[in-house]
Structure formats: structure tokens, C-alpha cells
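Here is a short walk through one structure. Keep the sequence and the model in view as you read.

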Amino acid sequence: MISAPATGAYLTPGERYAVDAGYDGTGAVFAVDPDGTEHLLSYNGLDASSNLFSESTGIAITPGGGLDVINAGSPSVVGVNPSTGKQTLISSNSMPVNSSSQLFGHPQGVAVATGGTIYVADSALDTHGGVISVNPSSGKETKVSSNSMPVNASSADYSSPQDVTVAPG
């Protein structure tokens with residue numbers, strides 16, 4: 001049963017997924033049938049390598065049909081294979097590629113562009129939040145927008161962004 005779905009994502013009619021931050025205290029991904037039946041797809045303990053969820057708060061479908069899940073508890077992006085439920089770390093502050101620029105503070109929402117670039121809404125980036133892009137191949141985090149950027153010096157409107165979306169195309 002889904003206890004507190006954070007957000008949902010859709011691939012094609014009939015293929016629906018939800019992330020649940022409260023499942024077993026760490027999070028889980030559920031597949032949801034058109035009639036509403038829930039199927040536990042991925043969770044910590046699924047197999048020896050699937051222990052990457054920690055307060056999962058967002059989910060997006062990649063152009064290749066995979067799932068990207070946001071963890072707020074241990075700030076990271078985790079890939080999930082929708083056929084097997086296997087979890088793979090895509091990006092985190094602890095990865096060597098991000099050692100000089102650890103941007104994740106409290107990631108909340110996620111979107112994936114047609115080309116595969118991952119965009120993350122982070123409510124704690126530079127104190128008031130912003131948007132971070134993630135290279136899906138290397139895991140490198142790059143600041144896209146925040147109040148601290150000179151271009152936003154006169155507006156500084158972010159206070160705690162929770163989600164992000166990318167227009168198709």
C-alpha cells in the first residue's frame with residue numbers, strides 16, 4: 001500500500017509509477033496499474049545492492065524508459081530499472097566528480113529532458129533553493145539557477161522550490 005506518495009510519473013497509458021517517502025522509513029517505488037492496483041517495484045533490501053533509498057521524494061521517467069528517483073534523506077539521484085527494481089547511484093555529493101562542488105542540500109523534485117539531462121529542484125541550494133542539472137553519465141552536478149547567481153541579484157525569488165519540469169522538445 002502506498003502510504004504517502006510524494007509525486008508520480010507516467011510513461012505511456014497504463015504504465016504509472018509512484019514514489020513513497022514513508023515506505024519502511026526509507027522510501028520505495030511502486031508500479032500502479034490502470035485500475036489502481038499497487039505493485040512494490042523497488043525498495044531497500046530488494047537485493048544486496050539495492051539499499052540506496054533515503055526519504056525518496058521525487059520520480060521521473062528517462063528517455064530510455066528507466067526511472068530516476070530523488071532522495072532527500074541522503075541527497076542523491078538513484079536510477080531504478082523498472083523491469084527488475086535494481087537501484088543504481090547516478091549522482092550524490094559523495095561522488096568524486098562532485099568533490100569540489102557539492103550542490104545537493106535537500107533535493108525534492110526531478111525532471112528528465114529529452115536528451116537525458118536530469119534537473120533537480122533543491123529546496124536548500126544556496127540557502128533558499130534552486131535548480132541543479134545532473135549529467136546522467138558522469139553524475140556531475142551543475143547549478144542552473146539560484147538566488148545567489150548574479151543574474152538573479154535583483155529578484156532572488158526562490159524560497160523553497162519543491163519540483164521542476166522540462167517542456168518536451
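Start with S92, which is found in strand β8 (residues 87-92). Strands here are DSSP runs (E, at least two residues), numbered from the N terminus. The model is predicted, so local features need pLDDT of at least 70 and side-chain atom pairs 80 or more, while totals for chains, interfaces and linings use all residues. Residues are numbered from 1 along each chain as its sequence is written, and side-chain values use heavy atoms, with hydrogens and water left out.

S92 is buried at 6% relative accessibility. Buried means under 20% relative accessible area, exposed over 50%, and partly exposed in between (1.4 Å probe, protein chains only). Among the residues that S92 touches are P75, F104 and E141. Touching means heavy atoms within 4.5 Å, and residues up to four places away in sequence are not counted.

Now look at the sheet around β8. Four strands form an open sheet in the order β5-β6-β7-β8, with antiparallel pairing. Two strands pair if DSSP finds at least two bridges between them. β5 (56-61) and β8 stand at the edges with a single partner strand each, so one side of each has no neighbour in the sheet. Inside the sheet, β6 (residues 67-71) and β7 (residues 76-80) pair over 5 bridges. D68 stands opposite G79 in β7.

Which residue forms a salt bridge with D126? K143 does, with the closest N and O atoms 2.8 Å apart. A salt bridge is a side-chain nitrogen of Lys or Arg within 4 Å of a carboxyl oxygen of Asp or Glu. The structure holds 1 salt bridge. K143 lies in strand β12 (residues 141-146) and D126 in the loop between β10 and β11, so the pair ties together parts 17 residues apart in sequence.
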